[in-house]
Amino acid sequence: MTDPQRDDRSVGDATTASSAPAAEPRPPVPGQQLTATPYVLALALSPIVTAVFSAIEIRRSVELVAPGSTGVTGGDFTLSLVVSVVVGVALVVLSWLDRRTLRQRGVERPFHWAWSILGVLIYLIGRSVVVRRRVGGSAAPLWLFLGLSVLGGAIAVIIGISSGVATMDRPPVEF
């Protein structure tokens, strides 16, 4: 090591300095995909789940605004909240499993899973940067996530608009 600030070995003891292993990253095994984990694939595909849930919620809320509707019930709100929390916790757990798998495969100091609490996009950006710098991995999961997010958002909006048009054509219900 040429940088004395990064050398954390004992200076005065010659036996310790010569027997200490170098802190160099382990070289990748040829043919092994270090950065492709099933957990990052699940994180990258998560906008599909979000898009489906959003489309259902948008359609339901548009129907509740229709003439003659009685409004939102407490059960709808509770179900939406529970599903959102479960999906959020699942994404954080997937990030933790992804980081653990990367460490087991020899990637030194992978991006920390706790950033996924702020958002999966933040975790995927950080993971892509760290993996690319350390082992030359791909940013494909990040691009897949972004593409599916845009596509899912567009589909959810189209479903919401088409539901609104069909709902507004109904005659009001008389009480």
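Trainee: Which secondary structure elements does the chain have, and what pattern do they follow along the sequence?

Mentor: Keep in mind from the start that this is a predicted model. The chain has 6 helices and 0 strands. Read along the sequence, the pattern is therefore written with helix symbols, given that helices and strands are taken from DSSP runs, and it comes out as α-α-α-α-α-α.

Trainee: What percentage of the residues in the chain is buried?

Mentor: A residue is counted as buried when its relative accessible area is under 20%. Applied to the 175 residues in the chain, that cut-off gives a buried share of 28%.

Trainee: How many salt bridges does a search of the whole structure find, and which side chains meet there?

Mentor: Side chains of opposite charge can pair when their charged atoms come close. The search of the whole structure finds 1 salt bridge, with an N to O distance of 2.6 Å. The pair links distant parts of the chain, 29 residues apart, with one partner in helix H5 (residues 120-135) and the other in helix H4. The side chains that meet are those of Arg-127 and Asp-98.

Trainee: Are Arg-127 and Asp-98 buried or exposed?

Mentor: The test is relative accessible area, where under 20% means buried and over 50% means exposed. By that test, both Arg-127 and Asp-98 are buried.

Trainee: What is the volume of the second largest pocket, and which helix gives the most to its lining?

Mentor: The second largest pocket has a volume of about 250 Å³, and of the 17 residues that line it, the closest to its centre are Ser-46, Val-49, Thr-50, Ala-51 and Ser-54. Helix H3 (46-65), helix H4 (74-104) and helix H6 (140-168) each supply at least two residues of that lining. The helix that gives the most, with 7 residues, is H3.

Trainee: How do the residues of that lining divide into nonpolar, polar and charged?

Mentor: In this classification Gly is placed among the polar residues, and Asp, Glu, Lys and Arg are the charged ones. Sorted in that way, the lining of the second largest pocket divides into 10 nonpolar, 7 polar and no charged.

Trainee: Which residues form the nonpolar patch on the surface, and is Ile-56 buried or exposed?

Mentor: The patch is formed by Leu-41, Leu-45, Ile-48, Val-52, Ile-56 and Leu-144, which together have about 490 Å² of accessible area. H3 gives the most to the patch, with 3 residues, and the place of Ile-56 is in this helix. Because its relative accessible area is 51%, Ile-56 counts as exposed.

Trainee: Where does Ala-55 lie, and how far apart in space are Ala-55 and Ile-155?

Mentor: Ala-55 is placed in helix H3, and because its relative accessibility is 10%, Ala-55 counts as buried. Ala-55 and Ile-155 are 100 residues apart in sequence, yet the distance from C-alpha to C-alpha is 7.7 Å.

Trainee: What separates the C-alpha atoms of Ser-149 and Ser-46?

Mentor: Ser-149 is found in helix H6, and because its relative accessibility is 29%, Ser-149 counts as partly exposed. Along the chain Ser-149 and Ser-46 are 103 residues apart, while their C-alpha atoms are separated by 8.7 Å.

Trainee: What is the phi of Arg-109, and where does Arg-109 lie?

Mentor: Most residues other than glycine have a negative phi. Arg-109 has a positive value, near 45°, and is exposed with a relative accessible area of 60%. Its place is the loop between H4 and H5.

Key. Residues numbered from 1 in each chain as written. Predicted model: local features only at pLDDT ≥ 70, side-chain atom pairs only at ≥ 80, totals over all residues. Heavy atoms only, no water. 1 Å grid on protein atoms, 1.4 Å probe; cavity = no way out; pocket = protein on both sides within 12 Å on 5 of 7 lines; lining within 4 Å. Points joined across faces, edges and corners; volume = space filled by probe spheres on them. Helix = DSSP H or I, 4+ residues; strand = E, 2+ residues; numbered from the N terminus. Patch = residues over 30% accessible without salt bridge, like charges linked within 9 Å, V, L, I, M, F, W, Y side chains within 5 Å. Areas by Shrake-Rupley, 256 points an atom, 1.4 Å probe, with all protein chains shown as cover. Salt bridge = Lys/Arg side-chain N within 4 Å of Asp/Glu carboxyl O. Buried < 20%, exposed > 50% of the residue type's maximum accessible area, 1.4 Å probe, protein only.
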